Amino acid sequence: MAASKPVEPQSGSGLPRWQLALLVGAPIVLGVGAVYLWNRSRTKPGKGTGERKTPEGSASPVQQGQDGEAPRANSEPEKTSPLDRAQSAKNKGNKYFKAGKYENAIQCYTEAIALCPTEQKSDLSTFYQNRAAAYEQQCKWTEVVQDCSRAVEMNPRYIKALFRRAKALEKLDNNKECLEDVTAVCILEAFQNQQSMLLADKVLKLLGKEKAKEKYKNREPMMPSPQFIKSYFSSFTDDIISQPLQKGEKKDEDKDNEGETAEVAESSGYLKAKQYMEEENYDKIISECTKEIESGGRYTAEALLLRATFFLLIGNATGAQPDLDRVINMQDANVKLRANALIKRGSMYMQQQQPMLSTQDFNMAAEIDTRNPDVYHHRGQLKILLDQVDEAVGDFDECIVLRPDSALAQAQKCFALYRQAYTGNNPSQVQTAMDGFEDVIRRFPKCAEGYALYAQALTDQQQFGKADEMYDKCIELEPDNATTYVHKGLLQLQWKQDLDLGLELISKAIEIDNKCDFAYETMGTIEVQRGNLDKAIEMFNKAINLAKSEMEMAHLYSLCDAAYAQTEVARKYGLKPPTL
């Protein structure tokens, strides 16, 4: 699809420690050309998935190890100690709680708190946590937070109190502190309880969306690297605006005088924009297209489409949509222009998570330009994103019929078939797909995408040495493609656990393209795993500033917030997850 991030698919399975986030699953990566969403969960469900039962008899045994009543030395049979009376009140409260009489339970827990000696911190923390559980049943979220906070003060690693406070903070829309609490819970549970993992994921996504919405609205548009732009346009084969200047564009066929021809060419903003494209002087294209549009020039439709395309490239979907709408509604415009505008608007809708509108645009493009291979190529990628693999293969086949020399469509069809076989656990079909990759790279030895997709499949199959060779082929063909270095770096980590080489390759990617957000994101993820949280946050922030869509930015904010939450948990509770 003509989206915003032309990268190869992400590295394969078998290395959960190198997931792209500690608390979040694999990211959604939208791209151009070989853009796929391989949305497979790499981790098994957590051991604990049920609700935490309340109330309880004592604090969570993590680290503390207390269970049951505290010992009572030299107590006389006919007398009861304050702690005994407190425990009795707590037990009475538990009975009311189980009977659904929460107000009575609260009174008993309050009595237990008042009776309990202040030095009995473990028991006191339990009483506060139990009262918080009763308040939770009454939806008194502020009281829940207050009581859980008292419990955590006395027992900083009290899982039930931390998790109950996290849930209450979520109800109070305090997502930042909620995330810190649930992060602490996840670390204490060694990321084994799905209930807390799901809450972490939910809150991270909410925070990411909130921050991205504000940031993206006020961001400064940024032109991507020349390599990115060339990769974007290479995913189209039937696109008028990306073709070199034609003879009919270089001279005005209605003019016989050479001087007059030069004057006409000089006055055309669109033709100037095309010339700037050939010179890779991309920053001037939007302004030249605007001149053509405002003057009502003969290339108004082309200028609208080219301007919209560069609005999309700099991440300005708001500016792009009116231009795309105008081209699509120009009944007298070249059908190739209208179909291309539909492809790009459909891709934009998919980035905005509006799959129905996206599908409508692709289907309309196929209706008005039935023999346009780009329509089927990009719709095939949409179908992959929607997990409609059979339909995707059908579209790739149609693209290949219309353009048999389309190496990109051939490679992506192989990858779609491979994915279908791999997720369906069909070894014979997996081998057929792998043979298909061999055929593609034999017939199209200059198609870097074929080697990249084959490397992805080989990595899944644990054939690391051959995957490494395929990435080397990619680099040989496209030495300025930064994302290939990132994938090769990740492969070294998975294959050889060679951290230094992996980081060296990812640093090389940044050296080649300092606007490669994927490289900064991956570097940040590795730094999280190494425990270098400040460095990780720095890398994620760099990626955020380069994000080309609000959805991408939201994901990156989630990663950054996850890292920041860990710094707070480490500061408050001395808790850190295992590091490399």
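Analyst: Axes here are lines fitted to C-alpha atoms, for helices over the stretch in contact, and angles run from 0 to 180 degrees between N-to-C directions. Helices (H or I, at least four residues) and strands (E, at least two) are DSSP runs, numbered from the N terminus. The model is predicted: local features need pLDDT of at least 70, side-chain atom pairs count only at pLDDT 80 or more, and totals for chains, interfaces and linings use all residues. Residues are numbered from 1 along each chain as its sequence is written, and side-chain values use heavy atoms, with hydrogens and water left out.

The pair is helix 25 (residues 517–530) and helix 26 (residues 533–546). Their axes lie 8 Å apart, at an angle of about 160 degrees. The two helices are therefore roughly antiparallel (angle over 145 degrees). Their crossing is left-handed, meaning that the near helix is turned anticlockwise from the far one by less than a right angle.

Which residues make the contact (heavy atoms within 4.5 Å)? Helix 25 supplies Asp517, Tyr520, Glu521, Met523, Gly524, Thr525, Glu527 and Val528. Helix 26 supplies Leu533, Lys535, Ala536, Met539, Phe540, Lys542, Ala543 and Leu546. By class, nine are nonpolar, two polar and five charged. Nonpolar covers Ala, Val, Leu, Ile, Met, Phe, Trp, Tyr, Cys and Pro; charged covers Asp, Glu, Lys and Arg; the others, Gly among them, are polar.

For context, the protein chain has 27 helices and zero strands.

Technical notes: Parallel < 35°, antiparallel > 145°, perpendicular 65-115°, else oblique. Contact = heavy atoms within 4.5 Å.
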